[in-house]
Amino acid sequence: MARSYRKKPKFQTSLAKERIKELFMQAEKVWAEEPELSHRYVELARKISMKYKVKIPQSLKRKFCKKCHHFLFPGDNCRVRFRDKKIVITCFDCKNIMRYPHKK
Ligand SMILES: [Zn+2]
């Protein structure tokens, strides 16, 4: 029997959140072998976040570039610096600089 939902049920959004976390974990895992795949995982996570209207957690947002949406791996394709209670991330792929408040 086919069912259609007007609203996204709660279990779907929590599943989406899990999926996003998982994708970032995978992206980190495959980075050394296949960085292109890592970028793909980020893209997928972003799509899930948009489709289900769930936010990507702050901690995961720092793991990809806001501009080119590439997965960021500190020391490899980005630089992470702490300055004035802020985290400054520079993406080497598009030279974008992102600043995040550093919460203690
Ligand atoms: Zn970038």
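**Notebook: sheet, helix pair and core**

I began with the strands and found 3 of them in an open sheet, ordered β1-β2-β3, with antiparallel pairing. Two strands count as paired if DSSP finds at least two bridges between them. Helices (H or I, at least four residues) and strands (E, at least two) are DSSP runs, numbered from the N terminus. Before going on, I noted that this is a predicted model: local features need pLDDT of at least 70, side-chain atom pairs count only at pLDDT 80 or more, and totals for chains, interfaces and linings use all residues. Residues are numbered from 1 along each chain as its sequence is written.

As a reminder to myself, strands of a sheet pair through backbone hydrogen bonds, either parallel or antiparallel.

I then took the pairs in turn. β1 and β2 run antiparallel and are joined by 6 bridges. Phe82 has Ile87 in β2 as its bridge partner. Val80 has Ile89 in β2 as its bridge partner. β2 and β3 also pair in the antiparallel sense, over 5 bridges. There, Thr90 stands opposite Ile97 in β3.

I checked how well β3 is covered. Hardly: of its 5 residues, the count of buried ones is 0. Buried means 20 or more other C-beta atoms within 10 Å of the residue's own, exposed means 12 or fewer, and partly exposed lies in between, with C-beta atoms placed from the backbone.

**Turns**

The hairpin of β1 and β2 has 2 residues between the strands. Asp84 sits in that loop. Its phi is positive, about 45 degrees, although Asp84 is not a glycine. Is Asp84 buried or exposed? With 8 other C-beta atoms within 10 Å, Asp84 is exposed.

The hairpin of β2 and β3 has 5 residues between the strands. Lys95 lies in this loop. Lys95 is not a glycine, yet it has a positive phi of about 65 degrees. I found 10 other C-beta atoms within 10 Å of Lys95, so it is exposed.

**Helix pair**

Two packed helices are described by the angle between their axes and the distance between the axes. For helix α1 (residues 10-30) and helix α2 (residues 35-51), I read an angle of about 170 degrees and axes 8 Å apart. α1 and α2 are therefore roughly antiparallel to each other. The cut-offs are under 35 degrees for roughly parallel, over 145 for roughly antiparallel, 65 to 115 for roughly perpendicular, and oblique for the rest.

Next I listed who meets whom. The α1 side includes Ala16, Ile20, Leu23, Phe24 and Ala27, and the α2 side includes Leu37, Tyr41, Val42, Ala45 and Ile48. By class, the contact of α1 with α2 has 12 nonpolar, 3 polar and 1 charged residues. Ala, Val, Leu, Ile, Met, Phe, Trp, Tyr, Cys and Pro count as nonpolar, Asp, Glu, Lys and Arg as charged, and the others, Gly among them, as polar.

**Core**

A nonpolar core is a set of buried Ala, Val, Leu, Ile, Met, Phe, Trp, Tyr and Cys residues joined through C-beta atoms within 7 Å. How many residues does the largest nonpolar core have? It has 15, and among those with the most contacts inside it are Leu23, Tyr41 and Phe71. α1, α2 and β2 (86-91) each supply at least two residues of this core. α1 gives the largest share, 4 residues.

Leaving aside neighbours within four places in sequence, Tyr41 is in contact (C-beta atoms, placed from the backbone, within 7 Å) with Leu23, Gln26, Ala27 and Phe71.

Key:
Axes fitted to C-alpha atoms, helices over the stretch in contact; angles between N-to-C directions. Contact = placed C-beta atoms within 7 Å.
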